[in-house]
Amino acid sequence: MEILSYIEINKNSRVPMYQQIVDSIINNISNGNIELNQKLPSINMISEDFYLSRDTVEKAYNVLKERNIIQSIHRRGYYVVKNDTRCKLNILFLVNKLSTYKMRIYNSFLDSIGLNSKIDLVIYHCDEFLFLNALKNSKLAYDYYVVMPHFKKDNLQHASFTDITLEAINSIPKNKLLVLDNIIPPLDEDVRAVYQEFDKDIYNALISGKEKISKYNKLVLIYPEKSVYPYPRRVLRGFRRFCLENEIDFEILNEVCDDMVFKKGDLFITIEESDLVNLINQIRDNELTLGKDIGVISYNDTPLKDLLGITVMSTDFKVMGETAAKMILHNKQGRVKVPFNFIDRKSI
């Protein structure tokens, strides 16, 4: 069959066989070699011609069906139903807030997913109504839904989900859903996820830096209780566990107050950048030496913190975006825990 001559399979390539079939068919539809309404070779025909398993060919055809490029007609076979393949994937990307590190995840995802994908970015500001409205307007017409689930309760505390948002997320077909950044325990194990574990991550990061941390007399965590964009309370759980297990004196404050009382030997851990800036300014005003008299660790790395030499505990946002994109591009299932690192700089 003529179409078979257009399918190229390189068994030495690292690209999965099914993906090579998908790419060959899409490329030849784009350049006009395969036309609209044209019948494709059967699964058995491709399998036998290229010495591939039926499962491999069937997986390729299923990907093409999911993208609405081909359609199977009972007893007749597979036909091309879409000849505009310039946009391979339509993706709805739901982010809870517009921050430096969230945008690093998004930009990394964007770079890795490639130019032949159309991504609609929606910032829902941890707001249940905005999140539900975005899903409702999508009418489940996207190829994939990338969701960062972070919500705020009426008391402004963090919630990974609410009953109604969990129901909405569960309404997305599992093969179209990827949960990013924050894993939701009630979701089935077979839902794709690329995530961090807030309590275990901060605990393990503090353990990594324990040698330097232990020279300080007291750890002070600045955890904003009433932030516009609340933070997971699991951060508190991991911090408390580290301090209690290692018998370290600690205190948890809501913010860096003006005219903060400093004692030499204090180590501050900040989450919000405004608190970090206020803290550094006050340390300078009090003529204290950063990294000697007073220590500072910041949560979530940014290029500015790197430039200023601020020690951080941070997930690898670039890896998070790249991993999510690769899972979609290669139609991979499973859950991937992203590395979370203690990055030692000159502020402790």
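In the predicted model, K139 is found in the loop that lies between α5 (128-138) and β5 (144-147). The backbone at K139 has a phi near 50°, a positive value in a residue other than glycine. Most residues other than glycine have a negative phi. With a relative accessibility of 72%, above the 50% cut-off, K139 counts as exposed. A second case is provided by E247, whose phi is likewise near 50° and thus positive in a residue other than glycine; E247 is found in the loop between α9 (234-245) and β11, and its relative accessible area of 75% places it among the exposed residues.

When residues up to four places away in sequence are not counted, D249 touches N217, K218 and L219. By contrast, the C-alpha atoms of D249 and P224, which are 25 residues apart along the chain, are separated by 20 Å.

With regard to the overall architecture, the chain contains 12 helices and 16 strands, and its C-alpha trace spans about 80 × 45 × 35 Å along the principal axes. Of the 348 residues in the chain, 50% are buried. Among contacts in the chain with a separation of 6 or more, 70% are accounted for by residues 24 or more positions apart.

Parallel strand pairing was found in several parts of the chain. Strand β3 (residues 89-95) is joined to strand β4 (residues 117-123) by 7 bridges, and the two strands run parallel; within this pairing, V95 has I123 of β4 as its bridge partner. Together with helix α4 (residues 100-113), β3 and β4 make a right-handed β-α-β unit.

Strand β13 (residues 294-299) takes part in two further pairings of this kind. On one side of the description stands strand β12 (residues 266-270), which pairs with β13 in the parallel sense over 5 bridges, with D266 opposite I294 in β13. The chain crosses from β12 to β13 through helix α10 (residues 273-285), and this β-α-β crossover is right-handed. Strand β14 (residues 311-315) is joined to β13 by 3 bridges, again with the strands running parallel, and Y299 stands opposite M313 in β14. The accessibility of β13 is in keeping with a mostly covered strand, since 6 of its 6 residues are buried. Both faces of β13 are covered, with I294, V296 and S298 buried on one side and G295, I297 and Y299 buried on the other.

A search of the whole structure finds 11 aromatic pairs, one of which is formed by Y61 and Y78, whose ring centres lie 4.6 Å apart with 65° between the planes, an edge-to-face arrangement. Because Y61 lies in helix α3 (residues 54-66) and Y78 in strand β2 (residues 77-80), the pair ties together parts that are 17 residues apart in sequence. Both partners fall under the 20% limit and so count as buried, Y61 at 1% relative accessibility and Y78 at 18%. Elsewhere, F93, Y106 and F109 form one aromatic cluster; β3 spans residues 89-95 and α4 spans residues 100-113.

Charged side chains are also placed over aromatic rings. The charged end of K59 sits over the ring of Y18, at 4.3 Å from its centre, and the charged end of R241 sits over the ring of Y203, at 3.7 Å from its centre.

Finally, the cysteines were considered. A disulfide is a covalent bond between the sulfur atoms of two cysteines, and the structure holds 0 disulfides. C243 is in no disulfide, and the nearest cysteine sulfur, that of C257, is 19 Å away, whereas the limit for such a pair is 2.5 Å. C243 is buried, with a relative accessible area of 1%, and C126 is also buried, with a relative accessible area of 0%.

Definitions and conventions:
Residues are numbered from 1 along each chain as its sequence is written. Side-chain values use heavy atoms; hydrogens and water are left out. Rings of Phe, Tyr and Trp (its six-membered ring) pair if their centres lie within 6.5 Å; planes under 30 degrees apart count as stacked, over 60 as edge-to-face and the rest as tilted. Helices (H or I, at least four residues) and strands (E, at least two) are DSSP runs, numbered from the N terminus. Buried means under 20% relative accessible area, exposed over 50%, partly exposed in between (1.4 Å probe, protein chains only). A charge sits over a ring if NZ of Lys or CZ of Arg is within 6 Å of the ring centre and within 35 degrees of the ring normal. Two strands pair if DSSP finds at least two bridges between them. A crossover is right-handed if, with the strands pointing away from the viewer, the path from the first strand over the helix to the second runs clockwise. Contact means heavy atoms within 4.5 Å.
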